[in-house]
Structure formats: C-alpha cells, structure tokens
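These notebook entries record what I looked up in the structure shown below.

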Amino acid sequence: MQQPLIIAISGASGSGKSLFTENLINAFSEQGRPVQILREDHYYRAQDHLAMEEREKNNYDHPNAFEHELLKAHLRALRNGEPIDYPNYCFKTHTRLPKTKRLQPAPVIILEGIMLLARPELLPLYDVKIFIDTPLDICLMRRMMRDIKERGRSIESVAKQYEATVKPMYHQFIEPSRFTADVVVTQGGKNQIALDVIKSHIQQALL
Ligand code: UZR
Ligand code: MG
C-alpha cells in the first residue's frame with residue numbers, strides 16, 4: 001500500500017471539526033470507505049491516579065493534557081501500514097477505559113482535534129492541515145448544548161470551564177495555530193465548497 005494521506009483538522013472546541021470530518025467521511029461512504037478517522041480526544045492522558053475532584057480541576061485545553069508522544073508513534077505506525085490500538089478516553093470519568101480500540105491502516109487518515117496544529121513537532125506528520133475558523137461565541141453555544149446533552153455537564157460547569165480554561169487557552173494555543181494551516185475553513189462543518197475542495201484533493205491522492 002502507498003503511504004497514507006494524513007489530514008489534520010483543527011479549530012476551537014465547538015467549531016464544527018467533528019461535523020466537518022463526518023461530512024467529509026460520508027462523501028466517501030459509497031466508495032468502500034478508504035478513509036479512517038482518529039480523534040485527538042482519545043489521547044487525553046489517563047488519570048486513574050487522581051480523585052474525581054482533582055480530575056475535574058484539570059486544564060484540558062492545554063497541549064500537555066494530551067499524550068502527543070503516543071499519537072506521534074501511532075501516526076508513524078499507520079504510515080508504515082501497521083494497525084494501532086488507541087486509548088478509549090471517557091469524558092464522564094475523565095480517564096481512559098480499560099480496553100483500547102483498534103484502527104486499521106487506510107489510504108486516508110483524518111485526524112481531528114483542538115491541539116493538532118499547536119505542537120510544532122507534530123506538523124511534519126500531516127500531509128494536509130485544515131483549521132475550522134468559527135467565532136468563539138458560536139463555539140460556546142454549541143459546546144454548551146453538546147456538553148449538557150452528551151457529556152453529562154451542567155450549564156454552570158460549562159460556563160465556569162469556558163472562562164477558566166477554554167477561552168484563555170484558545171487565545172494562547174489554538175488561535176495562533178491557525179497560521180500553520182494550509183486551508184482555513186469559515187462557516188463551520190457544513191461549508192460545502194470547502195468540503196468539495198478537500199474531497200477532490202483526497203480523490204487526487206487516491207488515484
Ligand atoms: P472537543 N474536556 C473535558 O471537558 N473533560 C475531559 O476529561 C477532557 C476534555 C474538554 C476540553 C476541551 N475542555 O475543550 C474539549 N475543557 O473537551 C475538547 N474545559 O473536545 O474538541 O470535542 O470539543
Ligand atoms: Mg468534536
């Protein structure tokens with residue numbers, strides 16, 4: 001198999017990264033899915049050694065919250081055509097579940113996460129770098145709805161986290177990482193023209 005094309009999709013929490021990724025993947029669904037998806041979220045560090053209240057106080061919007069070394073090793077393995085066993089992170093317990101998950105190598109690997117472009121040493125591992133550039137107030141609204149529905153949070157806890165870490169860390173790490181991107185996507189995960197442009201780039205690479 002030729003080397004896979006590795007596409008990194010980044011942007012703020014709630015910017016539409018996951019939706020953009022889903023829409024991109026769906027565009028390939030009829031073609032036997034040559035595309036695999038890997039989320040940076042899975043690489044949040046295990047915190048079994050910490051009490052729940054300690055875990056809740058952690059700063060999850062800092063690059064050091066992720067085990068990027070492991071992500072790097074996994075990207076290298078996928079490049080070599082080897083499967084990986086990635087961690088299964090749980091947002092409710094803020095730690096990893098005991099069982100890992102397997103990802104098979106594929107011609108196209110789409111990576112998605114908030115800090116993917118904020119670590120200079122990760123950048124050479126990507127073939128295409130995409131930044132989803134959505135105004136922060138819109139991100140906050142989406143995140144509020146999602147975290148309450150899907151991640152078992154209260155309005156108060158989302159608001160508190162936003163002020164304490166999400167917003168300051170966005171300005172410190174995520175916003176500057178925008179300038180490392182090859183493509184900046186406005187209007188979020190449903191930007192059809194951006195999806196078409198990336199899709200045709202992938203199709204070219206698959207030829
Ligand atoms: P996405 N996050 C948690 O709230 N708890 C965890 O255990 C791990 C992560 C949040 C994190 C970040 N921050 O903003 C978001 N906070 O998950 C990233 N506060 O995930 O890109 O899917 O929104
Ligand atoms: Mg997401």
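Predicted model: local features only at pLDDT ≥ 70, side-chain atom pairs only at ≥ 80, totals over all residues.

The largest share, five residues, comes from α5. Sorted by class, I found four nonpolar, six polar and seven charged residues in the lining of the second largest pocket.

I then turned to the largest pocket, whose volume is about 680 Å³. Its lining has 29 residues, and Ser13, Gly14, Arg146, Asp147 and Arg151 lie nearest the centre. Two or more lining residues are given here by α1 (17-26) and α4. Helix α4 gives the most to the lining of the largest pocket, with seven residues. By class, I noted 13 charged, nine polar and seven nonpolar residues in the lining of the largest pocket.

**Nonpolar cores**

I next asked which residues have the most contacts inside the largest nonpolar core. They are Leu38, Leu71, Ile84, Leu111 and Tyr126, in a core of 38 residues. At least two residues of this core come from each of β1 (5-11), α3 (68-79), β3 (84-90), β5 (108-112), α4 (136-150) and α5 (155-177). Helix α5 gives the most, with six residues. As background, nonpolar side chains in soluble globular proteins tend to be buried together.

With neighbours within four places in sequence left aside, Leu111 is in contact with Ile6, Ile7, Ala8, Ile9, Leu38, Leu71, Leu75, Leu116 and Tyr126. I also recorded a second, separate core of 19 residues, which includes Leu24, Ile130, Val185 and Ile198.

**Strand β6**

I checked how well β6 (residues 128-133) is covered, and six of its six residues are buried. Val128, Ile130 and Ile132 point one way from the strand, whereas Lys129, Phe131 and Asp133 point the other way. I note that both sets are buried, with the lysine and the aspartate among them.

I then looked up the partners of this strand. β1 and β6 run parallel and are joined by five bridges; in this pairing, alanine 8 stands opposite lysine 129. β6 also pairs with β7 (residues 183-186) in the parallel sense, over four bridges. There, isoleucine 130 stands opposite valine 183.

**Two positive phi angles**

I examined two residues that have a positive phi although neither is a glycine: histidine 94, at about 55°, and glutamine 187, at about 65°. Histidine 94 is found in the loop between β3 and β4 (95-103). Glutamine 187 is in the loop between β7 and α6 (192-206).

Is histidine 94 buried or exposed? Its relative accessibility is 7%, and the limit for buried is under 20%, so histidine 94 counts as buried.

Notes: Residues numbered from 1 in each chain as written. Chains lettered and ligands numbered in written order. Heavy atoms only, no water. Core = buried A, V, L, I, M, F, W, Y, C linked by side-chain atoms within 4.5 Å. Buried < 20%, exposed > 50% of the residue type's maximum accessible area, 1.4 Å probe, protein only. Contact = heavy atoms within 4.5 Å. 1 Å grid on protein atoms, 1.4 Å probe; cavity = no way out; pocket = protein on both sides within 12 Å on 5 of 7 lines; lining within 4 Å. Points joined across faces, edges and corners; volume = space filled by probe spheres on them. Nonpolar A, V, L, I, M, F, W, Y, C, P; charged D, E, K, R; others polar. Pairing = 2+ DSSP bridges.
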